[in-house]
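Me: I've just opened this one and I'm new to it. Can you walk me through it?

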Amino acid sequence: MINRVTALTQRELAASFFSPVAYIVAAVFLVATGYLFMTYTLVPGEEATLRPLLVYMAQILIFAIPLLTMRTLADEFATGTIETLMTAPVTDTEVVLSKFLGAMVFYVALLLTTILHVFILYRYGASGFGVIFWGYVGMLLLGALYVSVGVFASALTRHQLIAAIIATGILAVLTLGVQGLSILRGGAWRSVLGYVDVLRHFEDFSKGIVDSRAIIFFLSFTAFFLFLSVKVLESRRWR
Amino acid sequence: MIRVQNLTKEYGDRRAISGLSFHIQEGEIVGFLGPNGAGKTTTLRILTCYMPATSGSASVAGFDVFNESLKVRSVIGYLPESTPLDGGMRVREYLNFRGKLRGLDRDARATAIRRVADLCWLGDFIDRPISQLSKGMKQRVGLGDALLHDPKVLILDEPTVGLDPTQIRETRHLIQELAKRHTVLLSSHILHEVEATCQRAIIIAGGKIVASGSPNELKRDLRGNLIAEVSGPDAEIRKALSQVRGVSEVQAETNNGWHRFRIKTQAQDDPREDIFKLVKANGWSLRELRLEGGTLEEYFVRITAEQAQTKGREARS
């Protein structure tokens, strides 16, 4: 199991670094985060905090991560390599898990480049280490959820672009859509919507507040979408 | 080695294969023959656990394809129809990756890659990216991948499609070599290929087995036509020919004064000698007299045409 997942993840990662899309996404992401850092954090007289950067990043990733994950399964269907893959002694869970891990490693690499901003921040006297640390833990959990949604969307179709659009759609609903709705609705609806509000959970992290409910929220939603991906992959055999 | 019982697969309301049953012994090399869309690929995909059957059962090396899928997959080497490969990798990387998936350790992988590189002539391009390879080279890489773990059963879907004539010959030769150590099931819509490589052919059309047996057995069932080219008075020759014992039908076409007769004969009768005597007695000239074909090709065309007719009748009724 471990050996196969490792082998598959390595291949996945190699494919990410091979694809021009990943580089374009990475470049745009870096330019955007750099710009946000300049305009919102490096402002004389303002508090030196990464918070606005992280919150904006969470929104940029709604569009960026689907572009990183759209290839994962859709491309296997489109090129037919799914047939050689699924006729090797590999389980559907192993395939989904390695697609997820491959994209996660790439995402973490991307995230690590923003550590540069932390160093700059420290030169000018930063807020506490804890806030930044938990902010990044939040980014990691948020990324895991986004990637799992992306892998799920990629399992639904053989067209990469459609996979990206579906993933962005789901993420937009879970973040901006839910936020918008919970403002409109009151009562019980508000608390239900509040629970699935991804950005609200994330904002706790960016403030340095560690809430176990938020951790459980991210982990359980990630697991849920990975589970759905496995089911979708299994169901393809029955069609 | 491979046992298929009453296998049926439906895609929505279209039935791809219905009630297929056959059995393949260890060490056999069997050709799975049929026109495009007959259900060959569907059957192979069920056997390789790529998709489940709608009903019926199948087992490979004693393992059920549905319940013991991982075990089945580890004893099978499979070359899918279009040979899908990972374009981004080099051949060696790809084989190494596939070896890892098969659970081979580092040494076993190195040995296995060397072995299949020799077997499938991968040496010249083993360090080139797969995306740069020709169709024939890719086909060989796919075959190498299928052989990597020295599988008991080899399942090859149209292994020679897209190859040039030299490669086709080499591939056939290779498959025959492989049959000494592996049980081989290969599909094809080219009869000649099955005739040349397989001990046994299973012919399917419209999702059903229409014939099965060794190429020679299948040919024995054939009643070939007789071809005679004679010059002389057309009507007279035709009349005389149709009176020869065993002749049931005579068709003629004329070309430059020579009449080419296509003579249908009753089963088991060979009236060639009588025809020769007839021609000689009448003082006509004869420049060709032979039994036509008896090839699997005709058999195949006839059987599949019959299938199409039955289908047409069913549809009308």
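This is a predicted model: local features need pLDDT of at least 70, side-chain atom pairs count only at pLDDT 80 or more; totals for chains, interfaces and linings use all residues.

Me: Ok, how many helices and strands are in chain B?
Reply: Chain B has 11 helices and 14 strands. Those are DSSP runs numbered from the N terminus: helices are H or I with at least four residues, strands are E with at least two.

Me: And how much of chain B is buried?
Reply: 38% of its 317 residues count as buried. Buried means that 20 or more other C-beta atoms lie within 10 Å of the residue's own; 12 or fewer is exposed, in between is partly exposed, and the C-beta atoms are placed from the backbone.

Me: How is chain B divided into domains?
Reply: Domain 1 covers 2-85 + 145-220, and domain 2 covers 226-291. The bounds come from an automatic or database domain assignment. Taken over C-alpha atoms, the centres of domain 1 and domain 2 of chain B are 43 Å apart.

Me: Let's look at sheets. What's the order in the one with 6 strands?
Reply: It goes β6-β7-β8-β3-β9-β10 in chain B, an open sheet with mixed pairing. Its edge strands are β6 (76-79) and β10, each pairing on one side only. On average, neighbouring strands are turned by 15° against each other, direction ignored. For pairing, DSSP has to find at least two bridges between two strands.

Me: Why call β9 of chain B enclosed?
Reply: Because 5 of the 6 residues of β9(B) (residues 200-205) are buried, the strand is largely enclosed by the rest of the structure.

Me: Which way does β9(B) pair with β3(B)?
Reply: In the parallel sense, over 4 bridges, with β3(B) spanning residues 29-33. Phe32(B) stands opposite Ile202(B) in β9(B), and Val30(B) is opposite Arg200(B).

Me: What about β9(B) and β10(B)?
Reply: Those two run antiparallel and are joined by 5 bridges, β10(B) being residues 208-213. Here Ala201(B) faces Gly213(B) in β10(B). Their hairpin has 2 residues between the strands, and Gly206(B) takes a positive phi near 55° there.

Me: Which helices lie across that sheet?
Reply: One is α1(B), which lies across β3, β7 (153-157), β8 (183-188) and β9 of chain B, at about 150° to β7(B). Another is α5(B) (residues 135-147), lying across β6 and β7 of chain B at about 170° to β6(B). Axes are lines fitted to C-alpha atoms, for helices over the stretch in contact, and angles run from 0 to 180 degrees between N-to-C directions. Contact means C-beta atoms, placed from the backbone, within 7 Å.

Me: How many residues of α1(B) are buried?
Reply: 8 of its 8 residues, in the stretch 40-47. Among them are Lys40(B), Arg45(B) and Leu47(B). Just after α1(B), Cys49(B) takes a positive phi of about 70°.

Me: Now the sheet of 4 strands. What's its order?
Reply: The order is β12-β13-β11-β14 in chain B, an open sheet with antiparallel pairing. β12 (247-255) and β14 (285-291) of chain B stand at the edges with a single partner strand each, so one side of each has no neighbour in the sheet. The twist averages 15° from one strand to the next.

Me: How many bridges pair β11(B) with β14(B)?
Reply: 6, in the antiparallel sense, with β11(B) being residues 226-231. Val230(B) stands opposite Leu286(B) in β14(B). Helix α10(B) (residues 272-282) packs on the sheet, touching β11 and β14 of chain B, and makes about 175° with the direction of β14(B).

Me: Last topic: how many residues does each chain bring to the contact?
Reply: Chain B brings 21 residues and chain A brings 19. On the chain B side, α2 (69-75) and α3 (91-101) each supply at least two residues, and α3(B) gives the most, with 4 residues.

Key: Residues are numbered from 1 along each chain as its sequence is written. Chains are lettered from A and ligands numbered from 1 in the order in which they are written. Two residues are in contact if their C-beta atoms, placed from the backbone, lie within 7 Å.
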